[in-house]
Amino acid sequence: MKKALSILTTFVLVLSYSCKEQKKMEEGPTQMEEVMAVHDEVMPKMGKLGKLVGELKSKVDTTALGQEYESAMKELQEANNSMMEWMMNFGNRFDSDEILDGKELTEEKQQWLNEEEVKVEALREQINSSIAKAEALLSEE
């Protein structure tokens, strides 16, 4: 009887865990996961930002075209600085359990996450547009 009860208890625990995981999969990513996905999307582009800055820097001079190169270079540098600032501020607002393990957020932190979601979307746009502008400018050569 004890063995049957033990097996039944184990079965119920496994079943409830499976249902919880299935429900989570059906619900899709959390807001935190979505914010981190944007970060993970743009973070690899930081190397490209640096490379483009290097290419543009050598072309900056006092001519009109040289000034366009400088403007594009500054936009890339601002995008890089924005990314570093966003990561630092985000890390100051949330701990690793909240970011990586889905720890429940307080009402205040939920409001912060709403703000951070808007900020990271703007950051994605800033990074992508500065890269596109620099690449377009460099391809005109």
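**How the helices pack and the rings pair**

Modeller: Let's start with helix 2 and helix 4 (residues 64-93), whose axes come within 12 Å and cross at roughly 150°. This is a predicted model, where local features need pLDDT of at least 70 and side-chain atom pairs count only at pLDDT 80 or more, while totals for chains, interfaces and linings use all residues. Residues are numbered from 1 along each chain as its sequence is written, and side-chain values use heavy atoms, with hydrogens and water left out.

Colleague: What makes helix 2 roughly antiparallel to helix 4?

Modeller: Axes are lines fitted to C-alpha atoms, for helices over the stretch in contact, and angles run from 0 to 180 degrees between N-to-C directions. Angles under 35 degrees count as roughly parallel, over 145 as roughly antiparallel, 65 to 115 as roughly perpendicular and the rest as oblique. Helix 2 and helix 4 cross at roughly 150°, so helix 2 is roughly antiparallel to helix 4.

Colleague: Which residues make that contact?

Modeller: M32, V35, M36, H39 and V42 of helix 2, together with M83, W86, M87 and F90 of helix 4. Contact here means heavy atoms within 4.5 Å. By class, there are eight nonpolar, one polar and no charged residues. (Ala, Val, Leu, Ile, Met, Phe, Trp, Tyr, Cys and Pro count as nonpolar, Asp, Glu, Lys and Arg as charged, and the others, Gly among them, as polar.)

Colleague: Why is helix 2 called roughly parallel to helix 6?

Modeller: Helix 2 (residues 31-42) and helix 6 (residues 107-139) cross at roughly 25°, and their axes come within 10 Å. That angle makes helix 2 roughly parallel to helix 6. The residues of this contact divide into seven nonpolar, five polar and five charged.

Colleague: And what is helix 3 to helix 4, roughly parallel or roughly antiparallel?

Modeller: Helix 3 (residues 46-57) packs on helix 4 at an angle of about 155°, with the axes 9 Å apart. That makes helix 3 roughly antiparallel to helix 4. The contact has 12 nonpolar, two polar and one charged residues.

Colleague: How many helices and strands does the chain have?

Modeller: Six helices and zero strands. Both are DSSP runs, numbered from the N terminus: helices are H or I, at least four residues, and strands are E, at least two.

Colleague: Now the rings. What makes W86 and F90 a stacked pair?

Modeller: Rings of Phe, Tyr and Trp (its six-membered ring) pair if their centres lie within 6.5 Å; planes under 30 degrees apart count as stacked, over 60 as edge-to-face and the rest as tilted. W86 and F90 are 4.8 Å centre to centre with 25° between the planes, which is stacked. Both lie in helix 4, four residues apart, about one turn of the helix.

Colleague: Why is the pair of F90 and F94 called tilted?

Modeller: Their ring centres are 4.8 Å apart and their planes are at 40°, so the pair is tilted. Ring pairs link W86, F90, F94 and W112 into a cluster.

Colleague: How do you know whether F90 is buried or exposed?

Modeller: Buried means under 20% relative accessible area, exposed over 50%, partly exposed in between (1.4 Å probe, protein chains only). F90 has 3% relative accessibility, so F90 counts as buried. F94 is buried too, with a relative accessible area of 4%.

Colleague: What share of the chain counts as buried?

Modeller: 25% of the 141 residues.
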